[in-house]
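Good morning, colleagues. Please have the sequence and the structure open while I speak.

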Amino acid sequence: MLAFNHTKHLNTMTANLQLVKETNLALIFNLIYKYAPVSRAELAQKTKLSPTTVSSLIEELLRKDVVVESGVGQTLTSGRKPIMVEINAIGRYIIAFEIVADGFYCSLYDLLCRGIEEQKYDNFEFEELGGKLIEAIESMLSRHSIQREKLLGISIGLPGLINREDCRVISSTVVQIKSDNDFYIKIRDEFKDIPVFLENESYFCAYAEKEFGVVKDVKNLVFIDINIGIGAGIIMNGDIFRGAYGLAGELGHISIDMNGPKCKCGNRGCLEIMASIPAIAQKIIFAIMSGQKTILKDMIGNDLNKINIDSIRFAIDNNDRLVTAIIDDIALKLAFGVNNVINLFNPEVIVLGGEIAKLGDVFLNKIKEHLHSIELKPNISTIDIRYSSLNGNTVNLGGARYTLDNV
């Protein structure tokens, strides 16, 4: 006869009850975030939890200083007016980092994910990154007289492949971070009780689009980030899709031409080397060097480094034949990449973000025209393709909201 382990059973029950409590706390917090100011009775109605349970959860959130009572609400009866609750924006703070080619951005957010301050840090070696990130956190907290205990979490977004087991950067074609760089470990060890989230920056951009973008309540979305490189963040069933090993979304390294130019990743014909912003500039430079006419030649003189996204947009607006033809070719290549995404994930919305959005509606419409000619018929006009509507640092905004939702 098997012996019944009473202690183990009690421990399991306690763990299960704690999990239920934490789940309900998160549920109540998110509903307050969405509907504030809101009463306890309304929260009980929305959650189907008992009024006693809701009141107990609210009391705990009040003790944690993450919600506050904000006056009384209206009632249709002659009974006691309900006391409303809302998020205490200054109850906790989130620090978010975006790592870029020449440094990083450090942003401070309150509990409503409202940006308070952002600072750019550069002129350092990436071997020093861990120490520099810690310095930035300490400096940001000090400037705003925020105690460490008020820091809810830290997010770090960067363009690269991340090993989720040891939280190290495997490789990046944009940022010169070596695989043995222990910046994450340094931050984790320095802020032991504070969660630190490290993700590919496109994941955070996709999360920001889901939470703050034009399309509301979308559950399946792909954000394609087109800058120096090309990456993608995938939202499936309302959450970030990472794949089995956390490497999903490397759209820039999907080949669209097996005989194309060799990419930094070792593959040939990658979308990144054929349709990123440097690829556009390179095609224009080659055309100018071969003697083709363009208004950009008069603008830049002999300084080919002046060919950037702004000068390219100027040429498009002035119907420059050379640049228009090159842009049309780039739009075709991106259409093939977008079509691959549609066929693989069948999202509701595809959002294009990054510097590429500066090329305007003319460029976006070219992508759509090419896409309509190659995509599967059932997908035509059913999947929304648009530029990002978000301003500011989308990586850090998404990182802040992801941190809030996961702590």
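First, the basis of the values. This is a predicted model, in which local features need pLDDT of at least 70 and side-chain atom pairs count only at pLDDT 80 or more, while totals for chains, interfaces and linings use all residues. Residues are numbered from 1 along each chain as its sequence is written, and side-chain values use heavy atoms, with hydrogens and water left out.

I begin with strand β7, residues 151–158. Helices (H or I, at least four residues) and strands (E, at least two) are DSSP runs, numbered from the N terminus. Of the 8 residues of β7, 8 are buried, where buried means under 20% relative accessible area, exposed over 50%, and partly exposed in between, with a 1.4 Å probe and protein chains only. Strands are taken as paired if DSSP finds at least two bridges between them. Strand β4, residues 93–100, runs parallel to β7 and is joined to it by 6 bridges; here Ala96 stands opposite Ser155. β7 also runs parallel to β10, with 5 bridges between them, and Ile154 stands opposite Val196 in β10.

Next, helix α3, residues 51–63. Just after α3, Asp65 takes a positive phi of about 70°.

I turn to the salt bridges. A salt bridge is a side-chain nitrogen of Lys or Arg within 4 Å of a carboxyl oxygen of Asp or Glu, and the whole structure holds 24 of them. One of these joins Glu199 and Arg164, at 3.2 Å from N to O. Glu199 belongs to strand β10 (residues 196–200) and Arg164 to the loop between β8 and β9, so that partners 35 residues apart are linked. Glu199 is buried at 3% relative accessible area, whereas Arg164 is partly exposed at 38%.

A second bridge connects Glu211 and Arg401, with the closest N and O atoms 3.3 Å apart. Because Glu211 lies in helix α6 and Arg401 in helix α13, the pair ties together parts that are 190 residues apart in sequence. Arg401 is buried, at 9% relative accessible area.

Within helix α11, Asp329 and Lys333 are 4 residues apart, about one turn of the helix. Their closest N and O atoms are 2.6 Å apart in a salt bridge.

Finally, the surface. Which residues form a nonpolar patch there? They are Ile170, Tyr245 and Leu247, with about 330 Å² of accessible area together. Areas come from the Shrake-Rupley method with a 1.4 Å probe, and for residues only the protein chains shown count as cover. Patches are made of residues with over 30% relative accessible area and no salt bridge, with like charges joined within 9 Å and nonpolar side chains (Val, Leu, Ile, Met, Phe, Trp, Tyr) within 5 Å. Leu247 is in the loop between β13 and α7 and, at 35% relative accessibility, counts as partly exposed.
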